[in-house]
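This report describes the packing of one protein model. The sequence and structure come first.

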Amino acid sequence: MRTQVAIIGAGPSGLLLGQLLLKEGISNVVLERQSGEHVLSRIRAGIIETGTVELLDAAGVSGRLHRESLIHDGIEIAFGGTRHRVNFRELIGRAVVVYGQTEITRDLMAGREAAGGTTVYQAQDVRLHGIDGPHPRVTYRSDGIERSIECDFIAGCDGFRGVSRACVPQSALTCYERIYPFGWLGIMVDKPPVSDELIYVSHERGFALCSMRSRERSRFYLQCNLEERVENWSDERFYEELASRLDPDTAAHLQSGHSIEKSIAPLRSFVAEPMRYGRTFLVGDAAHIVPPTGAKGLNLAASDVYYLWQGLVTHYRQGSENGLEDYSRRALARVWKAERFSWSMTSLLHRFPESSGFDRRIQQADLEYLLTSRAALASLAENYVGLPL
Ligand code: FAD
Ligand code: PHB
């Protein structure tokens, strides 16, 4: 088989890139290790920047998003038993959109099918060959048969544990990493949210987040130890712990119900530089991870896609390498700002096991300053809604 761009991974970054390229008449094949149902069963991000929505518009897959998503003009930060509103609309005139990653993936899958794009699910043993030369190739096994794809470029959209970054020689990459001493225990439940907007909670017992997917579906998170096991958390125990981290009024609005998903995600910051090696480009989680506190992971994947899409279109339309040459620099400039924001939100709102009394007082002062300074609130708002592409 031959195609212009071989895309590894059918998560949001691989499917979005594939769709944008198909719109420009640039052929591509997506290879995904898992089944389509498995990809859709992973519950992940929920907050979408308007820049990401515009990219989904450009890909022609945003119809349902515009009908079903919720627009949020702000968030709340609960601290010391009081909820404080951060009004994005008033501070900077912008908002964010609530629409699940699962739904975006579903819309992208449908768009790809309608456009006649080729996706190979359950592609086993995907391998990259000749990635520093002019004729890269990807091999894989499907239905027990070895297959090979010749291509001009490879887009490594295969997440943090994918094969693409692992194929780049270690000496060609510099990796930066911070592992946090806690994770997030999350549940999804078909009950109305506790409030109209998200509530980020800083509490002595640890961070909590009341989020949502719709007016009928809530998503809750609790900071937990890395040793915690999902099996040890009955729904009752989860709600009890969540209620203990909320102020009484908010806790009174908590409607407990049977969880439809429950999982633990460790928190990590990670960046691999550069995001290009020869004719292979690393995109999204394959190149970088952020802790979820700033709601940036999926949105960063989308901005990488934007830069790579532009670079590939410039290559095929104008025969110019400038966009591809500049991909890593442009993407990383935005990545590091989102890394900084996600790290700062994580540091501000979580309880760190090793923190001293001094550290906790500084954290408290940071929160008090934030919530009383219009300049600090505007800075948070500007980063949360998404920096320009
Ligand atoms: P992924 O979504 O990881 O997709 C990569 C795809 O590549 C997967 O489908 C995978 O199966 C496939 N793949 C992997 N290896 C191979 C291989 N060898 N061959 C072929 N295919 C392969 N972000 C937020 O903003 N908010 C959140 O609440 C949030 N929660 C998260 C919870 C978890 C548990 C995780 C892991 C991430 C979370 N994120 C969250 C981050 C966000 O979901 C990611 O940033 C986003 O999914 C990145 O998209 P991606 O397409 O780059 O990677
Ligand atoms: C979510 O709804 O899953 C979510 C929302 C905001 C975050 C992280 C996760 O910061």
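The model is predicted, so local features need pLDDT of at least 70 and side-chain atom pairs count only at pLDDT 80 or more, while totals for chains, interfaces and linings use all residues. Residues are numbered from 1 along each chain as its sequence is written, chains are lettered from A and ligands numbered from 1 in the order in which they are written, and side-chain values use heavy atoms, with hydrogens and water left out.

**Cores**

A nonpolar core here is a set of buried Ala, Val, Leu, Ile, Met, Phe, Trp, Tyr and Cys residues joined through side-chain atoms within 4.5 Å. Buried means under 20% relative accessible area, exposed means over 50%, and partly exposed lies in between (1.4 Å probe, protein chains only). The largest nonpolar core has 50 residues, and L16, L17, L308, W309 and Y327 touch the most other members. Helix 10 (residues 297–318) gives the most to this core, with ten residues; helices (H or I, at least four residues) and strands (E, at least two) are DSSP runs numbered from the N terminus. Contact means heavy atoms within 4.5 Å. Apart from neighbours within four places in sequence, L308 contacts L17, A155, F281, V283, L324 and Y327. A second, separate core of 35 residues includes I75, L91, A376 and L380.

**Helix 1 and helix 10**

Two packed helices are described by the angle between their axes and the distance between the axes. Axes are lines fitted to C-alpha atoms, for helices over the stretch in contact, and angles run from 0 to 180 degrees between N-to-C directions. Helix 1 (residues 12–23) packs on helix 10 at about 30 degrees, with the axes 9 Å apart. The two are therefore roughly parallel, a term for angles under 35 degrees. At their contact, P12, S13, L16, L17, L20 and L21 of helix 1 meet L298, A301, A302, V305, L308, W309 and L312 of helix 10.

**Sheets**

Two strands pair if DSSP finds at least two bridges between them. An open sheet of six strands has the order 8-2-1-12-19-18, with mixed pairing. Strand 8 (118–120) and strand 18 (276–277) are at the edges with a single partner strand each, so one side of each has no neighbour in the sheet. Helix 10 lies across strand 1 (5–8), strand 12 (153–156) and strand 19 (280–282), at about 175 degrees to strand 12.

Elsewhere, strand 16 (residues 218–224) has seven of its seven residues buried. S218, F220, L222 and C224 are on one side, and R219, Y221 and Q223 are on the other. Strand 15 and strand 16 form a hairpin with five residues between them. The table lists some strand pairs.

| Strand pair | Bridges | Direction | Facing residues |
|---|---|---|---|
| Strand 13 (residues 174–189) and strand 16 | seven | antiparallel | M188 and R219 |
| Strand 15 (residues 208–212) and strand 16 | five | antiparallel | L209 and Y221 |

**Two serines**

Is S164 buried or exposed? S164 is buried, with a relative accessible area of 0%. S164 belongs to helix 7 (residues 164–167). Beyond neighbours within four places in sequence, S164 contacts I8, L128, G156, D158 and L282.

S41, in helix 2 (residues 36–41), is partly exposed at 46% relative accessibility. The C-alpha atoms of S41 and V230 are separated by 17 Å, and the two residues are 189 residues apart along the chain.

Technical notes:
Angles under 35 degrees count as roughly parallel, over 145 as roughly antiparallel, 65 to 115 as roughly perpendicular and the rest as oblique.
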